[in-house]
Each structure stands twice: as structure tokens, then as C-alpha cells.
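Let's take a walk through a protein model together. Keep the picture open while you read, and look up each part as it comes along.

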Amino acid sequence: MKKISFFLFILSLSSLVIAQPKHDDIINACSACHGLDGNGISEGIPNLWQQPEAYLKAQIEAFRDYTRINPSMDAVSHELPDADILYAAQYYSKQPDSSSRSKEQPQLQWRGDKWPGDMMLGEKIAYTGKISDKIQACVACHGPSGIGVAPFFPRLKGQDKTYLIKQLNAWKTADRPPGVMGVMVSIAVSLTDEEINAVADYFANQGEKK
Ligand code: HEC
Ligand code: HEC
């Protein structure tokens with residue numbers, strides 16, 4: 001009997017020693033929806049890989065502080081300590097571009113080589129903006145092909161299309177806070193449903209296998 005309890009004591013001691021650091025519990029919780037590699041597990045869940053760390057941190061804080069509202073995120077972000085938020089932001093920003101649609105990367109495009117008249121609607125908005133409404137090209141801030149520009153301009157390339165559409169509409173209806181510089185509100189308001197669909201489709205498919 002003594003032997004068994006001693007054995008159990010050693011066992012519990014060793015499990016204490018090899019237990020994961022607490023931070024990894026956070027990633028396990030997030031991975032239920034965002035995957036361990038930062039790929040959303042289903043439609044509407046954003047891919048987090050290679051998003052700028054400062055951008056991710058600001059968004060998680062916004063969910064925690066109820067300025068950005070989403071039922072799935074509220075449940076996990078409420079009362080998250082700063083250290084865990086920083087850890088999760090660092091972890092996901094470092095995950096490689098691993099989505100199946102990004103195995104073969106096309107060359108980054110600035111589109112100086114193409115006339116706007118030769119572009120489909122989504123590509124045209126991405127590279128020329130909407131001149132009639134004085135809206136700048138999306139790539140001016142989000143980088144060529146929408147790769148994202150640290151610290152605060154998120155990657156749009158390879159992002160889930162449904163998610164992108166939802167975000168642009170959320171700014172239209174004031175359901176997402178204006179964010180850094182507050183620029184996205186007027187941009188989203190100026191876009192029609194057709195334009196939102198087209199530009200979301202364009203960026204979601206950047207990095208798609210050709
Ligand atoms: C139950 C599913 C679920 C879990 C678990 C979850 N998320 Fe999310 N997350 C979502 C959904 C859905 C969205 C999109 C919200 C929206 O549409 O505005 C999101 C959005 C985000 C965003 C915003 C991305 C962007 O591009 O702006 C970040 C950052 C994020 N989650 C981080 C995390 C972290 C960190 C954890 C773990 C602590 C986590 N999530 C756990 C479902 C989840
Ligand atoms: C002047 C700079 C600027 C321009 C131009 C711009 N954006 Fe943004 N965009 C931002 C910033 C800054 C954010 C982050 C907002 C935040 O902090 O919540 C953002 C965020 C976004 C997001 C949310 C991404 C996510 O992961 O949740 C989408 C979608 C988006 N922009 C689409 C567009 C589209 C489409 C265009 C072109 C029509 C565009 N943006 C033009 C600065 C810009």
C-alpha cells in the first residue's frame with residue numbers, strides 16, 4: 001500500500017514538472033476555432049497566421065473590453081490577463097502562411113503593369129480605390145497583394161471571405177469600433193454590397209494555387 005501511494009506521489013510530482021506552462025492552455029483554447037497553426041476551422045472564423053502582433057493584441061483587448069463584440073470571442077477573451085493576450089498575439093503572428101490556398105505564392109503585385117480598365121472589380125478597388133469617393137487603394141495601407149503592414153494594418157491576403165465581408169459590413173453598421181486611425185469606417189460606408197463582395201473575394205483568393 002505504501003509503495004503504491006509513494007508511486008502515485010512520484011507520478012503526480014512528475015506530472016507537475018512536465019505540465020505545460022499555463023500560456024499553452026490559452027493557445028489550446030484558441031485553437032478550438034483558430035487552429036494551432038492559425039487557420040480558422042470553419043467559414044467565418046479568421047485566419048490569424050502572420051497577422052501583425054500589435055494588431056492581434058489590440059483586437060483581443062477590444063473583445064476583452066467589449067468594444068468589439070462577438071459571442072464566440074467574448075466567451076474566451078473575458079478576463080484574459082495581459083500576459084496571456086501578449087502570448088497569444090505573439091504566437092499567432094509567428095505562425096507560417098500555412099493555409100492550403102497559399103502553398104504556391106504568386107509574385108506580389110503592385111499592378112503598375114496593368115491598366116485599371118483590364119482589372120475585374122475587386123482587383124480594381126484593391127489597386128485604385130474608389131476615386132469618385134476619394135477612397136485610397138486598399139494596398140496603399142494593407143501592402144501589395146494585401147500582405148499586411150506591421151504594426152497596425154492587418155493582412156487581407158488569404159483571409160476567410162465570409163469574415164472579410166462581415167467586417168466591412170460591421171463598420172457600415174457601427175458594430176465594430178473604428179480602430180487605429182478610424183479610417184475603415186468611411187471606406188466601408190462608401191462601398192456597395194457588390195463592391196464589398198468583389199474586393200473580399202479578391203483578397204481572400206490572393207495566394208490561391210494558380
Ligand atoms: C468558439 C470559437 C472561438 C474561439 C475559441 C476563439 N475565437 Fe477568436 N474569433 C472567433 C470568431 C468567430 C472571430 C470573428 C469575430 C467577428 O466576426 O468579428 C474571431 C476573431 C478573432 C480575432 C480578430 C482577428 C482579426 O483579424 O481582427 C482575434 C485576434 C482572435 N479571434 C483571437 C483569439 C484568441 C487569442 C483566442 C483564444 C484566447 C480565440 N480567438 C478563441 C472564434 C473564436
Ligand atoms: C488609410 C489606410 C487604409 C486603407 C486605404 C484601407 N484600410 Fe483597411 N484597415 C486599415 C486599418 C488601420 C485597419 C485596422 C482597423 C482596426 O484597428 O480595427 C484595417 C482593417 C481592415 C479590415 C479588417 C481585417 C481584419 O482582419 O479584421 C478589412 C476587411 C479591411 N481593412 C479592408 C479594406 C479594404 C477592402 C480597403 C480598400 C477598399 C481598405 N481596407 C483600405 C487601414 C486602411
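First, some ground rules: residues are numbered from 1 along each chain as its sequence is written, while chains are lettered from A and ligands numbered from 1 in the order in which they are written. This is a predicted model, where local features need pLDDT of at least 70, side-chain atom pairs count only at pLDDT 80 or more, and totals for chains, interfaces and linings use all residues.

The chain has a mean pLDDT of 86, and 81% of its residues reach 70 or more. The helices you'll meet here are DSSP runs of H or I with at least four residues, numbered from the N terminus. Confidence is lowest in helix H1 (residues 2–18), with a mean of 48, and highest in helix H8 (residues 161–172), at 98. Over residues 6–20 the pLDDT is below 50, and beyond near neighbours in sequence this stretch has one contact in the model. Two residues are "in contact" if their C-beta atoms, placed from the backbone, lie within 7 Å.

Now find ligand 1. A residue is near a molecule if its C-beta atom, placed from the backbone, lies within 6 Å of it. There are 22 residues around ligand 1, and Cys-30, Cys-33, Asn-70, Ser-72 and Ala-88 come nearest. Helix H2 (22–34), H3, helix H4 (71–77) and H8 each supply at least two residues of this shell, and H2 gives the most, with six residues. What kinds of residues are they? The shell around ligand 1 divides into 15 nonpolar, six polar and one charged. For these classes, Ala, Val, Leu, Ile, Met, Phe, Trp, Tyr, Cys and Pro count as nonpolar, Asp, Glu, Lys and Arg as charged, and the others, Gly among them, as polar.

On to ligand 2, which is surrounded by 23 residues, the closest being Gln-136, Cys-138, Cys-141, Pro-154 and Gly-179. Helix H7 (138–142), H8 and helix H9 (183–190) each supply at least two residues of the shell around ligand 2. The largest share, four residues, comes from H7. By class, the shell around ligand 2 has 19 nonpolar, four polar and no charged residues.

Next, let's see how some helices pack. Axes are lines fitted to C-alpha atoms, for helices over the stretch in contact, and angles run from 0 to 180 degrees between N-to-C directions. The axes of helix H3 (residues 53–64) and helix H5 (residues 82–93) come within 8 Å and cross at roughly 140°. That makes H3 oblique to H5. Here, angles under 35 degrees count as roughly parallel, over 145 as roughly antiparallel, 65 to 115 as roughly perpendicular and the rest as oblique. In this contact, Glu-53, Leu-56, Lys-57, Ile-60 and Glu-61 in H3 meet Ile-85, Leu-86, Ala-88, Ala-89, Gln-90, Tyr-92 and Ser-93 in H5. These residues divide into seven nonpolar, two polar and three charged.

How do H6 and H10 cross? The axes of helix H6 (residues 121–128) and helix H10 (residues 193–204) come within 7 Å and cross at roughly 80°, so H6 and H10 are roughly perpendicular to each other. The H6 side of the contact is Leu-121, Gly-122, Glu-123, Ile-125 and Ala-126, and the H10 side is Glu-195, Ala-198, Val-199, Asp-201, Tyr-202 and Phe-203.

H10 also packs with H8, at an angle of about 140° and with their axes 9 Å apart, so this pair is oblique. Lys-161, Leu-164, Ile-165, Leu-168 and Asn-169 of H8 touch Ile-196, Asn-197, Ala-200, Asp-201, Phe-203 and Ala-204 of H10.

Finally, two backbone details. In the loop between H7 and H8 you'll find Pro-151, and the peptide bond from Ala-150 to Pro-151 is cis, with omega near 5°. In the loop between H6 and H7 sits Lys-134, which has a positive phi of about 60° although it is not a glycine.

Note on methods
pLDDT is the predictor's confidence in each residue, from 0 to 100.
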